[in-house]
Amino acid sequence: MPRQGSRCFLVVRAQEWMCALPLEEVEETMRPLPVAPVSAAPVFVRGVCLVRGTPAPVVSLATLLGGQAQSGPGRRFVSLRVPEGRLALEVDEVRGLRWVEEGALDSVPPLLRATASGHLRHLSSFDGRLMAVLGAAHLLPEELWERLERPSSGEGGA
């Protein structure tokens with residue numbers, strides 16, 4: 001039952017990472033979709049897929065957080081609303097919704113702020129395990145969004 005001062009998150013797992021995504025940024029979860037590779041994209045960008053007819057970059061959460069690149073696709077995609085449009089986050093497992101009190105969200109220690117490309121917003125616990133709260137708004141650098149929107153520029157594109 002939600003209490004005042006709590007927020008709802010979608011909890012996902014990517015390899016050893018348990019992560020929470022603010023529910024207001026989540027559109028839907030789905031089975032993995034076909035992915036077209038994009039040249040010159042960062043290693044954590046697996047390519048582009050079509051989510052409900054709209055192109056969306058596919059970000060491997062495990063690779064983004066420093067895990068090893070997976071040879072096969074993740075087990076689920078989570079479609080996220082971001083300022084530039086939509087992106088698909090590839091995860092191993094969707095664990096469900098969880099209400100977390102704002103006061104239970106700890107700051108990311110300074111030593112970890114630069115890790116995971118600065119995407120960690122808070123740390124908390126989930127069933128006795130470390131849980132990272134991610135900010136989906138800037139999972140992809142702005143210059144990559146521009147390249148994906150203009151694939152004919154010679155860089156990037158499917």
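Tutor: A disulfide is counted when the sulfur atoms of a pair of cysteines lie within 2.5 Å, and by this rule the count for the protein comes to zero disulfides. The model is a predicted one, in which local features need pLDDT of at least 70 and side-chain atom pairs count only at pLDDT 80 or more, while totals for chains, interfaces and linings use all residues. Residues are numbered from 1 along each chain as its sequence is written, and side-chain values use heavy atoms, with hydrogens and water left out.

Student: How do you know how C8 and C49 count in terms of accessibility?

Tutor: Buried means under 20% relative accessible area, exposed over 50%, and partly exposed in between, with a 1.4 Å probe and protein chains only. C8 has 10% relative accessibility and therefore counts as buried, and C49, at 3%, counts as buried too. Of the 158 residues of the protein, 44% count as buried.

Student: What makes S79 buried, and which residues does S79 touch?

Tutor: The relative accessibility of S79 is 0%, so this residue counts as buried. S79 has its place in strand β6 (residues 76-82), where strands (E, at least two residues) and helices (H or I, at least four) are DSSP runs numbered from the N terminus. With a contact taken as heavy atoms within 4.5 Å, and residues up to four places away in sequence not counted, S79 touches E25, V26, E27, E28, M30, V51, R86 and L87. The C-alpha atoms of S79 and L89, ten residues apart along the chain, are separated by 6.3 Å.

Student: Why are β3 and β4 said to stand at the edges of their sheet?

Tutor: Two strands pair if DSSP finds at least two bridges between them, and five strands form an open, mixed sheet in the order β3-β6-β7-β5-β4. β3 and β4 (45-51) each have a single partner strand, so one side of each is left without a neighbour in the sheet. From one strand to the next the twist averages 30°, with axes taken as lines fitted to C-alpha atoms (for helices over the stretch in contact) and angles running from 0 to 180 degrees between N-to-C directions.

Student: How do you know that β4 and β5 pair, and in which direction do they run?

Tutor: Pairing asks for bridges found by DSSP, and six of them join β4 to strand β5 (residues 54-60), the two running antiparallel. Within this pairing, P57 in β5 is the bridge partner of V48.

Student: What makes β9 and β10 a hairpin, and which sheet holds them?

Tutor: Strand β9 (residues 120-126) and strand β10 (residues 129-134) run antiparallel and are joined by six bridges, with S124 standing opposite M131 in β10. Two residues lie between the strands of the hairpin, and D127 in the turn has a positive phi of about 50°. Both belong to an open sheet of five strands with mixed pairing, in the order β8-β1-β2-β10-β9. Its edge strands are β8 (93-101) and β9, each pairing on one side only.
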